[in-house]
Amino acid sequence: MSITVTVEQNSHRVGIRVVGSFDFSLFNDFRAAYSDYLTGYQELIVDMQAVEYLDSAALGMLLSMRNSVSSETDIVIANSNAFIRNILMISRFDKRFIIT
């Protein structure tokens, strides 16, 4: 379980890659990953390609991120597998995030 951050200054994008289980054990790391980028960026991309498991705490962390980041910043949840994408859609995250 880990989180890595990449910043593209020229395109005003921040990428946050989550690996393994996305659960409460990543609470502090996930918050730290985006807390320096609350304003001034057009897009935050949460790459879920390597996420094997997602629980309700992870959903709460994503919502907390949405509430903390500027409303002008798009948050993209990218590369999630079909099971996780289904959880996101059932939870109506497509209303607050861009899901690709």
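Strand β2 (residues 13-22), helix α1 (residues 27-35) and strand β3 (residues 43-54) form a right-handed β-α-β unit in this predicted model. A crossover is called right-handed if, with the strands pointing away from the viewer, the path from the first strand over the helix to the second runs clockwise. Helices (H or I, at least four residues) and strands (E, at least two) are DSSP runs, numbered from the N terminus. Residues are numbered from 1 along each chain as its sequence is written. In this predicted model, local features need pLDDT of at least 70 and side-chain atom pairs count only at pLDDT 80 or more, while totals for chains, interfaces and linings use all residues; side-chain values use heavy atoms, with hydrogens and water left out.

The unit belongs to an open sheet of five strands, in the order β1-β2-β3-β4-β5, with mixed pairing. Two strands are taken to pair if DSSP finds at least two bridges between them. The edges of the sheet are β1 and β5 (98-99), each of which pairs on one side only.

On one side of β2 lies strand β1 (residues 2-8), and these two strands are antiparallel, with seven bridges. Within this pairing, Thr6 has Gly15 of β2 as its bridge partner. Four residues separate the strands of the β1 and β2 hairpin, where His12 adopts a positive phi near 60 degrees. Strand β2 also pairs with β3, here in the parallel sense and through nine bridges. Val14 is placed opposite Leu44 of β3, and Ser21 opposite Tyr53 of β3. Seven of the 10 residues of β2 are buried, so that the strand is mostly covered; buried means under 20% relative accessible area, exposed over 50%, and partly exposed in between (1.4 Å probe, protein chains only).

Contact means heavy atoms within 4.5 Å. Strands β3 and β4 are parallel and share five bridges; Leu44 has Ile75 as its bridge partner in β4. Four of the five residues of β4 are buried, so this strand is largely enclosed by the rest of the structure.

Strand β4 is joined to β5 by two bridges, and the two strands run parallel. In this pairing, Val76 stands opposite Ile98 of β5.

The loop between β4 and α3 contains Ser80. Ser80 counts as buried because its relative accessibility is 5%. Leaving aside residues up to four places away in sequence, Ser80 touches Met48, Arg85, Leu88 and Thr100. At the start of α3, a side-chain oxygen of Asn81 comes to within 3.1 Å of the backbone nitrogen of Phe83. After α3 comes Arg92, which has a positive phi near 60 degrees.

Terms used. A polar contact is a pair of N or O atoms within 3.5 Å; within protein, one must be able to donate a hydrogen and the other to accept it, and residues adjacent in sequence count only if both atoms are side-chain atoms.
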